[in-house]
Amino acid sequence: MSSFDAVVFDLDYTLAVTDRDRQALLDDATERAGAHDIERAAYLDAHGTVAATETRAPIFERLVTDDTDPDELAMAYRLAIEDALVPVDGVPGLLADLHESYRVGLLTDGPIAAQRDKLRTLDWAGLFDAVVITGSLPTGKPDERAFAAVCDDLDVDRAGTVYVGDRPAVDVEGAADAGLATVQVLYPGGPESHAAADAVVDRDELVARLPEILPTL
Ligand SMILES: [Mg+2]
């Protein structure tokens, strides 16, 4: 038996991936919206400096230098991502299995509309006891308030909760600092494992191995 009451997952690159790289998705979006090219690095810079809570339009507003409508470009980027979104095999079965022993939550960073669309595309919204999209909060991960919000929604203690995510500083360090146990998901070409991770698992083995990893934490 595990000593934990809840398992909370990150979404992007943990439970779902895009089957094209992000620059290709940006190129798709700028083409759809008739905008000039935008480099991924510039997008990430803008992403880090602009508060985008509802949609990505405020990010694109920083980036477009022609008369492209940022709302239209944000929508085009959402559609490009949705078209390319691929679930990790076996996730609904894993979540059903975990439900027998745990409360199951999702904590994902990003604008509300973008992350809701992904859940709708995946048809996963009903698979979680709680879903927190940090666009609805004052801050995202790694701020401890993000982790506290999902634990509150699940009505569980942070110490009784395991967070499963891929990003070292945001997911692993953030969750550990907030008092949760952590499992880091690794994948080819992805970030290195973080020393604060209580366990690591290859994404290809997540579905098969997570139920047996949880009781060992
Ligand atoms: Mg992620």
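A residue is classed as buried if 20 or more other C-beta atoms lie within 10 Å of its own, as exposed if 12 or fewer do, and as partly exposed in between, with C-beta atoms placed from the backbone. By this criterion, buried residues make up 39% of the 217 residues in the protein. The model is predicted: local features need pLDDT of at least 70, side-chain atom pairs count only at pLDDT 80 or more, and totals for chains, interfaces and linings use all residues. Residues are numbered from 1 along each chain as its sequence is written.

The radius of gyration, taken over C-alpha atoms, was compared with a globule rule of 2.2 Å times the number of residues to the power 0.38. For 217 residues, a compact globule would have a value near 17 Å; the protein has 17 Å, which agrees. Along the principal axes, the C-alpha atoms fill a box of roughly 60 × 30 × 30 Å. Contacts were assigned where C-beta atoms, placed from the backbone, lie within 7 Å. Of the contacts with a separation of 6 or more, 59% join residues 24 or more positions apart.

Domain 1 covers 6–17 + 85–216, and domain 2 covers 22–84. Their centres, taken over C-alpha atoms, are separated by 25 Å. At the boundary, 9 residues of domain 1 are in contact with 9 residues of domain 2. Helix H6 (residues 112–122) supplies the largest share of the domain 1 side, with 6 residues. That side of domain 1 divides into 5 nonpolar, 2 polar and 2 charged residues. Here Ala, Val, Leu, Ile, Met, Phe, Trp, Tyr, Cys and Pro count as nonpolar, Asp, Glu, Lys and Arg as charged, and the others, Gly among them, as polar.

The protein contains 9 helices and 8 strands. These are DSSP runs numbered from the N terminus (helices: H or I, at least four residues; strands: E, at least two). Strands count as paired if DSSP finds at least two bridges between them. An open sheet is formed by 6 strands in the order E5-E4-E1-E6-E7-E8, with parallel pairing. Strand E5 (130–133) and strand E8 (199–202) are the edge strands, each pairing on one side only. Neighbouring strands of this sheet are turned by 20° against each other on average, direction ignored.

Strand E7 (residues 181–186) pairs with E8 in the parallel sense over 4 bridges. Val185 has Val201 in E8 as its bridge partner. Helix H9 (residues 206–213) lies across E7 and E8 and runs at about 160° to E8. Axes are lines fitted to C-alpha atoms, for helices over the stretch in contact, and angles run from 0 to 180 degrees between N-to-C directions.

Definitions and conventions. Domain bounds come from an automatic or database domain assignment. Two residues are in contact if their C-beta atoms, placed from the backbone, lie within 7 Å.
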